[in-house]
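User: I'd like to learn how to read salt bridges in a model. Can you walk me through some?

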Amino acid sequence: MAVQQSVGQDPYFPGNGDLRYRVHRYELTLDYRPAPNRLSGTARINAIAGRGQLTEFQLNLADFRVGRVKVDGRTPHYTHRGGKLRVRPAKPVRAGAAFTVEVQWSGNPRPVNSPWGGLGWEELEDGALVASQPVGAPSWYPCNDRPSDKASYHISVTTPSAYAVVAGGRLLTRTTKASTTTWVYEQAAPTSSYLVGLSIGKYQTVLLGDPGPGGVPQHGHIPAHLLPRFARDFARQPAMMELFQELFGPYPFDEYAVVVTEEELDVPVEAQGLSLFGSNHVDGERGSERLVAHELAHQWFGNSVSIADWRQIWLNEGFAKYAEWLWSERSGGRSAQQLAAGAHRLLFSLPQDLRLADPGRKSMFDDRLYQRGGLVLHAVRCALGDDAFFRMLRGWAGQHRGGAVTTANFTAHVGRFTDEPLDALFDTWLYGTTLPPLPSPRTGGAV
C-alpha cells in the first residue's frame with residue numbers, strides 16, 4: 001500500500017519534517033548509560049528524493065553534539081541549531097534518486113518542549129522510556145519528523161546488562177559482552193517517527209496467553225513486584241486481541257508488547273507494536289482495562305493506518321475510543337449505545353466549540369475530541385447497520401494498512417458501504433461544532 005503523503009507542511013507543526021524527500025529505512029545503533037544519562041548514536045538513513053533536485057534538506061534532531069554527517073559517503077555542509085540539522089550535500093541528489101545519510105551524535109537526552117510539557121526521551125529513576133507523540137522523536141534520534149513519512153527500523157541498543165531493552169518489533173538478537181548487553185530489534189512495517197517506542201529498565205518478561213499456531217505473540221515487561229497485579233489487569237488482553245482481529249481484521253504487526261514502568265504516567269502511550277503503561281495503571285482490580293483496549297486498538301488505528309498530518313488526529317483517537325466501547329459491549333459490560341449516551345451527556349455539558357476534523361493544535365488531546373470521535377463512529381454504525389459497519393471497518397484497516405489517511409479518505413470510504421448519502425451526518429459531526437443529537441440504532445434497542 002503506497003503511503004498517501006500530506007499535501008503540504010503540517011500546519012500544527014510547520015517546523016517538523018521535510019516534504020522534499022521521504023525515508024525508506026532507519027538503522028539506529030545506540031549506546032546508553034543510565035546513570036549519567038548518556039546517549040551516543042549512529043543513524044544510517046536510506047531515503048528517496050522527491051520530485052525536485054535535492055540541493056539541501058533537513059532532519060529534526062534535538063540539542064546533541066553532532067560528530068559526523070555523510071551523504072552518500074561524502075561530507076556535506078551542515079548546520080545544527082534550533083532542533084534542525086540542515087544538510088547541503090556535496091553533490092545535489094537528483095529528483096527521485098535514492099540516497100543515504102549517516103549521522104553520529106551524542107549527549108544527554110531529554111524531552112523536547114511542547115505545549116503539553118516534555119515529549120520524547122525521559123530519564124527515569126532507574127532507566128528510561130520514550131513517549132514521543134506528537135513531536136518527541138527528535139529528542140533521541142535524527143528523523144524526518146512527520147507522521148506520514150513512514151519507514152522500517154533496525155534498532156540496536158547497548159546498555160549495562162542489568163537492564164532490559166524493549167522496542168517495538170521483533171527481537172533479533174541479544175548479545176552480552178563483559179558488563180553490557182546489546183539488544184537488536186527489527187520493525188519491518190512502515191512506522192511513523194513518533195511511534196518508535198523504546199523502554200530501558202529492570203523488567204521481568206511474561207507471555208500473555210498462548211498465541212497458538214499463527215497467533216500473535218504478546219509479551220509483558222514488568223517490574224517483578226507488580227507481576228501479581230499485572231497478571232489480573234492484563235488477563236483479558238488475549239481476548240481483546242481475538243475480538244479486535246474479528247472486528248478490524250488481522251493484527252497488522254508481528255507481535256505486541258506492553259511495558260509497565262516503575263513510575264506513574266499520566267496516560268498510557270502507544271507505539272508501533274508496543275504500549276507503555278505506568279505503575280498507576282496496574283491496580284489488580286482491572287481499573288484501567290478500557291485503556292488496555294484503547295492502546296491495543298491503536299495498533300490498527302493510528303499505527304498501521306496512520307494520519308497524513310495532525311489535523312486528522314481524531315482518526316486515531318476516535319477509533320480507539322470506540323474500540324473501548326466495542327470491548328465493553330462484547331465482554332459483558334455496558335453496550336456501545338449506553339456508553340455513547342454517557343459520552344453525549346458529557347459533551348452536552350461542555351463548551352461546543354471543537355471542530356473534530358481540524359481541532360487546532362491546542363485541542364489535539366482534548367478529551368472532547370476522543371468522546372466526539374467515538375460518537376462519530378457510533379453514528380456511522382447506526383446509519384449503516386452492524387453488517388455494513390464492520391465490513392467498512394475491516395476494509396478501512398485492510399486497504400490502508402501501512403499507509404497514511406485523511407478525514408476525506410474516511411468519508412469517501414464510508415460512502416462505499418451505503419446507498420444513502422451521509423453528507424449531513426459528516427457535516428454536523430466532523431465539520432460543525434454544535435453537538436448533534438445522540439445517534440440511535442436503525443432498528444431500535446441496543447446496538
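**Reading the salt bridges**

Analyst: Let's start with a pair: Glu186 and Arg25 form a salt bridge through their side chains, at 2.9 Å from N to O. The term means a Lys or Arg side-chain nitrogen within 4 Å of a carboxyl oxygen of Asp or Glu. Glu186 sits in strand S13 (residues 180-191) and Arg25 in strand S1 (residues 21-33), so this pair ties together parts 161 residues apart in sequence. Strands here are DSSP runs (E, at least two residues), as are helices (H or I, at least four), numbered from the N terminus.

User: Are Glu186 and Arg25 buried or exposed?

Analyst: Both Glu186 and Arg25 are buried. Buried is under 20% relative accessible area, exposed is over 50%, and partly exposed is in between (1.4 Å probe, protein chains only).

User: What should I know about the model itself?

Analyst: It's a predicted model, where local features need pLDDT of at least 70 and side-chain atom pairs count only at pLDDT 80 or more, while totals for chains, interfaces and linings use all residues. Residues are numbered from 1 along each chain as its sequence is written, and side-chain values use heavy atoms, leaving out hydrogens and water.

User: How many salt bridges does the rule give?

Analyst: The count is 23. Another of them pairs Arg236 with Glu289, at 2.6 Å from N to O. Arg236 lies in the loop between helix H1 (227-233) and helix H2 (237-248), and Glu289 in helix H3 (residues 289-297), so parts 53 residues apart in sequence are tied together. Arg236 is partly exposed at 26% relative accessible area, while Glu289 is buried at 9%.
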